[in-house]
Amino acid sequence: MIRKLIAGNWKMNLNPVESETLIKNIVQKIEKKFFDKVDVLICPTYVALEIAARMISGTGIKLGAQNLHYENDGAYTGEISASILKAIGCEYVIIGHSERRKYLHEKNDIINKKIKKAIEFELKPILCVGETFEEREDEIYEGVVEDQLKEGLFEMTDEQIKKVIIAYEPVWAIGTGLNATPTQASDMHAFIGKIVSKLFGDEIANELPILYGGSVNEKNASQILSACGIDGALVGGASLLANEFAEIVKAAYEI
Ligand code: PEP
């Protein structure tokens, strides 16, 4: 059985002082026993990573970044490398979030390079896939997600793919308050499993964690997380509120 993972994506929110306050509250509110069954991850801004690493040390909470560059180092102004993230204490990195695909025009081939670089530096990549509202309306959403998977996971070995986590995040559900129904999410998780199985075989597909993301909050977490094939949640807005985030972790624990 795959352990549940609850990951908080803080996006471009909170300065270092505000981050410190949130981390303090999260640490206080997440009960120790939850870690028996649930992995808890926070992904603050780059400037708060070091503070976060220090504050969560020994708590069971894990650290991740929201992006990385696919080169080792060099003249890439404004970017951050896998080795820097690793040195700070990151274990995970979100890759291909729909906001980066939309606003920074990140394409599947670049995402593929980033995933491989993350794995090379022993960071666990969380690959985000998902369709827009129009793509769902036009009933082409399966094809869209299939392409994101095929191209995002292009030419990866079995050993590499075993390190990957997928987050199914329908774009129409991100930050909108419109979450996918448990059935919609379950159906897409099954579809993702089918594609991964076609690409890498059943054994790998069965072990691949697939998170759901899109307006998960303390009220809907239990229903979404107990749906078939959902191994956790990537949480945006609600991860900025310690109470809500802790309630989502609790919901995952209680399933
Ligand atoms: C996200 O940022 O990945 C996300 C799912 O955001 P929200 O929970 O706010 O919809």
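**Ground rules.** I am working with a predicted model, where local features need pLDDT of at least 70, side-chain atom pairs count only at pLDDT 80 or more, and totals for chains, interfaces and linings use all residues. Residues are numbered from 1 along each chain as its sequence is written, and side-chain values use heavy atoms, with hydrogens and water left out.

**Entry 1: Q148.** I looked up where Q148 sits. I found Q148 in helix α7, residues 141-152. Helices here are DSSP runs of H or I with at least four residues, strands are runs of E with at least two, and both are numbered from the N terminus. Is Q148 buried or exposed? Q148 counts as buried because its relative accessibility is 9%. Buried means under 20% relative accessible area, exposed means over 50%, and partly exposed lies in between (1.4 Å probe, protein chains only).

Next I checked the neighbours. The side chain of Q148 reaches the backbone nitrogen of G130 at 2.8 Å. Leaving out residues up to four places away in sequence, Q148 touches R101, N108, V129, G130 and L153. Contact means heavy atoms within 4.5 Å.

**Entry 2: helix α7.** I tested the length of α7. Its 12 residues, at 1.5 Å a residue, should span 16 Å, and the end C-alpha atoms are 16 Å apart, so the two agree. The expected span is 1.5 Å times one less than the number of residues.

Then I listed the buried residues of α7: V144, V145, E146, Q148, L149 and G152. They pack against several elements, including α4 (98-103), β5 (124-129) and α9 (182-200).

**Entry 3: the cavity.** A cavity is a set of points on a 1 Å grid over the protein atoms alone where a 1.4 Å probe fits but cannot get out, a pocket is an open set with protein on both sides within 12 Å along at least five of seven lines, and lining residues have an atom within 4 Å of a point. I counted 1 cavity of 30 Å³ or more. The largest cavity holds about 40 Å³ of space. Its lining includes R101, V129, G130 and Q148. α4 and β5 are the elements that give two or more residues to that lining.

Entry 4: The largest pocket has a volume of about 420 Å³. It is lined by 16 residues, and K11, M12, Q66, R100 and L104 are the closest to its centre. α4 gives the most to this lining, with 3 residues.

How values were computed: Polar contact = N/O pair within 3.5 Å; in protein donor to acceptor, adjacent residues only side chain to side chain. Points joined across faces, edges and corners; volume = space filled by probe spheres on them.
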